[in-house]
2 protein chains.
Amino acid sequence: MGIVTADFTVTLDGYGAGPNQRLEAPFGEFDREGVHAWHLDHADENKAEVARITEADAYVMGRNMFSPGRGEWDVDWKGWWGAEPPYHASVFVVTHHEREPVPMKGGTTFHFVTDGITSALAQARTAAGSGNIAIAGGATTINQYLAAELIDELRLHVVSFTAGVSSGSRLFDGVPRVGFEVASARHTPYVTHLTYRRA
Amino acid sequence: MGIVTADFTVTLDGYGAGPNQRLEAPFGEFDREGVHAWHLDHADENKAEVARITEADAYVMGRNMFSPGRGEWDVDWKGWWGAEPPYHASVFVVTHHEREPVPMKGGTTFHFVTDGITSALAQARTAAGSGNIAIAGGATTINQYLAAELIDELRLHVVSFTAGVSSGSRLFDGVPRVGFEVASARHTPYVTHLTYRRA
């Protein structure tokens, strides 16, 4: 059986997004370009870590990552990733609102799961077969899986500056005590890649 | 001229202490023994990092680290470190309440500074000569120096479990955007030692 992984990029003070997230600014008031420069602009220096983000055989993501905002679906909205998303596998979106599956080019299909994170993970496991499942984000969804102790390998990409915001999405918010072991730590001047395995 | 360093041990979710800190429980509701096991119980595995904590030529610490609580001094209180504290140098305690210097065995003298963090650092610099100055803690004091961009080298010791508290002392709280570069990252299964230099 595969393992459940999660990659997440955080500032030195633990933020994945800033306040006031909305469709026009999915990361809210946040230096998205700076925080994500390690893979957007410097993928060459971080090749192994970039590749691992999309090597799972099925994915789970929160509604807010697929489409910021709440309420009924705009069925014209098919995510941020263009016609051919980088997942090339089934992606299970946890939501309160039903929607028919959305097949995309290149093997990605977005499925919409309305009965919670455990069900989404079970469906992803079926889709992944013996492969791995990645919890793609955002922070709220990863925190729910962390709290339920369902993440086997947490890969943090910690950038070397603080967000300097007073609110936003912070990894581990609301997560009770959970224990990991550090499997690896690799750094460039601008980012530290930390791999944690469930203790 | 020496540099200004700070060593700080945090949980995976960024806490250095829990809620309800008081004289009888200086870390509040917090697994102090677990969080600090890396140097209390496993100093052998972390020899270099342990040694660096007390190799500065002068120190600055907050009132709350010297003696939790507020108000006038109990002059019988001489810190947590017994007759011979591990500093062997001048330690400048930032406080609102004047007090005569307290000389201890082994070369440590506690000085009490009532005119703020900049003055405390200036006095420590004089005491250190060409040596380094360490901001010894706690989180509130380190955060003040971080916000003022006065820390040249921040050495984080990140333990591999979350505190699972909903309040307490968190590193970087109230710190605006500040940038570092990662100088080194070393790990054991239980702790990651990250050295950041001011960018």
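Guide: Together, chain B and chain A bury about 2500 Å², with 56% of it on carbon and sulfur atoms; buried area here is the accessible area (1.4 Å probe) that two parts lose on being put together, summed over both. This is a predicted model, in which local features need pLDDT of at least 70 and side-chain atom pairs count only at pLDDT 80 or more, while totals for chains, interfaces and linings use all residues. Residues are numbered from 1 along each chain as its sequence is written, chains are lettered from A and ligands numbered from 1 in the order in which they are written, and side-chain values use heavy atoms, with hydrogens and water left out.

Let's start with who touches whom. On chain B, 32 residues are in contact with 32 residues of chain A, where contact means heavy atoms within 4.5 Å. Between chain B and chain A there are 4 salt bridges. A salt bridge is a side-chain nitrogen of Lys or Arg within 4 Å of a carboxyl oxygen of Asp or Glu. The idea behind the term is simple: side chains of opposite charge can pair when their charged atoms come close. You can find one such bridge between Arg170(B) and Asp173(A), at 3.6 Å from N to O. The interface of chain B and chain A also has 10 residue pairs in polar contact, both residues being at pLDDT 80 or more. A polar contact is a pair of N or O atoms within 3.5 Å; within protein, one must be able to donate a hydrogen and the other to accept it, and residues adjacent in sequence count only if both atoms are side-chain atoms.

Which strands of chain B build its side of the meeting place? At least two residues each come from β8 (153-159), β10 (180-187) and β11 (191-198) of chain B. Of these, β10(B) gives the most to the side that touches chain A, with 7 residues. The names follow DSSP runs, numbered from the N terminus: helices are H or I with at least four residues, and strands are E with at least two.

Arg177(A) lies over the face of Phe161(B), at 3.9 Å from the ring centre. The charged end of Arg177(B) sits over the ring of Phe161(A), 3.9 Å from its centre. A charge sits over a ring if NZ of Lys or CZ of Arg is within 6 Å of the ring centre and within 35 degrees of the ring normal.

From here, follow the charges within each chain. Over all chains, the count of salt bridges comes to 20. In chain A, Arg198(A) and Asp152(A) meet in one of them, at 3.0 Å from N to O. These partners are 46 residues apart: Arg198(A) is in strand β11 (residues 191-198) of chain A, and Asp152(A) is in the loop between α6 and β8 (153-159) of chain A. Arg198(A) is partly exposed at a relative accessible area of 37%, and Asp152(A) is partly exposed at 21%. Buried means under 20% relative accessible area, exposed over 50%, and partly exposed in between (1.4 Å probe, protein chains only).

In chain B, Asp7(B) forms a salt bridge with Arg155(B), the closest N and O atoms being 3.0 Å apart. Asp7(B) lies in strand β1 (residues 4-10) of chain B and Arg155(B) in strand β8 of chain B, so this bridge ties together parts that are 148 residues apart in sequence. Asp7(B) is buried, with a relative accessible area of 12%, and Arg155(B) is buried at 5%.

Strand β8 of chain B also holds Glu153(B), which is 44 residues from Arg197(B) in strand β11 of chain B. Glu153(B) and Arg197(B) form a salt bridge whose closest N and O atoms are 2.7 Å apart. Where Arg197(B) is partly exposed at 43% relative accessibility, Glu153(B) is buried at 6%.

Finally, go back to chain A and see how such bridges can join up. Asp7(A), Arg52(A), Glu153(A), Arg155(A) and Arg197(A) are linked in a network of salt bridges.
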